[in-house]
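Here is a short briefing on one predicted protein model.

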Amino acid sequence: MKMTAFEKRFVNQPIRVHTVANRALKLLGHVRTQAGWRYLDVGCGVGFAASEIANATGLDVTGVDVDPDQVAAAKDRGLRQNLRFRVMDATALDFRDGEFDIVATSMTTHHIPDWERALAEMARVLRPGGYLIYSDHVFPSWLARLCRRTIRFAGFPFASGIDSVAAKSGLSEVYEARRSRHVDAIWIKNA
């Protein structure tokens with residue numbers, strides 16, 4: 001789902017993009033990466049986190065977002081040999097199965113009504129032995145069910161739903177940090 005102009009003003013503020021990038025780098029620090037690994041940033045927005053990761057790690061980074069304006073802003077940051085951006089819907093990723101070593105998403109799934117399908121797609125494009133890095137809001141399951149019936153333009157991820165999609169997708173948790181209404185998790189894809 002594309003964000004409204006109001007939402008874009010909020011999420012694209014410099015302090016906000018720096019916070020998201022710092023969280024992405026911190027979570028990536030829990031994974032032993034190798035230069036040249038392929039990293040997919042799903043819901044990359046204006047591309048700040050993807051750019052920071054490409055600069056700091058030597059990973060081959062692709063950022064995708066459903067909003068062409070956000071992707072255009074990301075491309076304005078400058079493309080490099082190890083950094084590219086594409087317009088793409090997270091629920092229908094246009095990549096082969098197992099194409100990426102790391103797939104990451106930060107503060108994205110709550111914008112996607114079919115967030116379960118998006119999370120399953122992220123797992124699909126992840127290679128066996130690869131890592132899925134997830135960071136987003138979580139809702140109490142009762143509230144998520146209620147909101148899903150009444151608010152159809154947003155997603156309402158909840159902890160047991162996230163865990164269920166991960167298990168069905170062949171993912172095993174290697175790291176998790178939960179705080180009030182937020183989860184950071186890293187899973188490895190089983191062979």
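Phe156 is buried in this predicted model, at a relative accessible area of 11%. Buried stands for under 20% relative accessible area, exposed for over 50%, and partly exposed for what lies in between, with a 1.4 Å probe and protein chains only. Phe156 pairs with Phe139 in an edge-to-face arrangement, with 5.2 Å centre to centre and 70° between the planes. Phe139 sits in the loop between β5 (126-137) and α6 (141-150) and Phe156 in the loop between α6 and α7 (159-168), so the pair ties together parts 17 residues apart in sequence. Phe139 itself is partly exposed, at 22% relative accessible area.

**Basis of the model**

- The model is predicted: local features need pLDDT of at least 70, side-chain atom pairs count only at pLDDT 80 or more, and totals for chains, interfaces and linings use all residues.
- Residues are numbered from 1 along each chain as its sequence is written, and side-chain values use heavy atoms, leaving out hydrogens and water.

**Aromatic pairs**

- The structure holds 4 aromatic pairs.
- Rings of Phe, Tyr and Trp (its six-membered ring) pair if their centres lie within 6.5 Å; planes under 30 degrees apart count as stacked, over 60 as edge-to-face and the rest as tilted.
- Another of the pairs joins Phe95 and Phe100: the ring centres are 4.9 Å apart and the planes stand at 85°, so this pair is edge-to-face.
- Phe95 and Phe100 are both buried.

**Overall fold**

- The protein chain has 7 helices and 7 strands.
- Their order along the sequence is α-α-β-α-β-α-β-β-α-β-α-α-β-β.
- Helices (H or I, at least four residues) and strands (E, at least two) are DSSP runs, numbered from the N terminus.
- The radius of gyration is 15 Å, close to the 16 Å of the globule rule for 191 residues, so the protein chain is as compact as a globular protein of that length.
- That radius is taken over C-alpha atoms, and the globule rule is 2.2 Å times the number of residues to the power 0.38.
- The C-alpha trace spans about 45 × 40 × 30 Å along its principal axes.
- Of the contacts with a separation of 6 or more, 66% are between residues 24 or more positions apart.
- Contact means heavy atoms within 4.5 Å.

**Surface and charge**

- Of the 191 residues, 51% count as buried.
- The accessible surface is about 9,200 Å², and 54% of it belongs to carbon and sulfur atoms.
- Accessible areas come from the Shrake-Rupley method with a 1.4 Å probe; for residues, only the protein chains shown count as cover.
- The 26 positive and 21 negative charges have mean positions 2 Å apart.
- Lys and Arg count as positive, Asp and Glu as negative; His and the chain ends are not counted.
- Each charge is placed at NZ of Lys, CZ of Arg, CG of Asp or CD of Glu.

- The buried residues of α5 include Trp115, Leu119 and Met122, along with Glu116 and Glu121.
- In α3 (residues 48-57), the buried residues are Phe48, Ala49, Ala50, Ser51, Ile53 and Ala54.
- Gly58 follows α3 and has a positive phi, near 80°.

- Met107 lies in the loop between β4 (100-106) and α5.
- Met107 is buried, at 10% relative accessibility.
- Although not a glycine, Met107 has a positive phi of about 60°.
- Residues up to four places away in sequence aside, Met107 touches Arg16, Val20, Arg23, Ser135, Asp136, His137 and His182.
- Val20 is 87 residues from Met107 along the chain, yet their C-alpha atoms are separated by 7.9 Å.
- Arg181, also not a glycine, has a positive phi of about 60°.
- Arg181 is in the loop between β6 (171-179) and β7.
- Arg181 is exposed, with a relative accessible area of 54%.

**Ile186**

- Ile186 is part of strand β7 (residues 182-189).
- Ile186 is buried, with a relative accessible area of 1%.
- Beyond its neighbours within four places in sequence, its contacts include Leu27, His30, Val31, Tyr131, Ile133 and Val174.
- Ile186 and Val103 are 83 residues apart in sequence and 9.9 Å apart in space, C-alpha to C-alpha.
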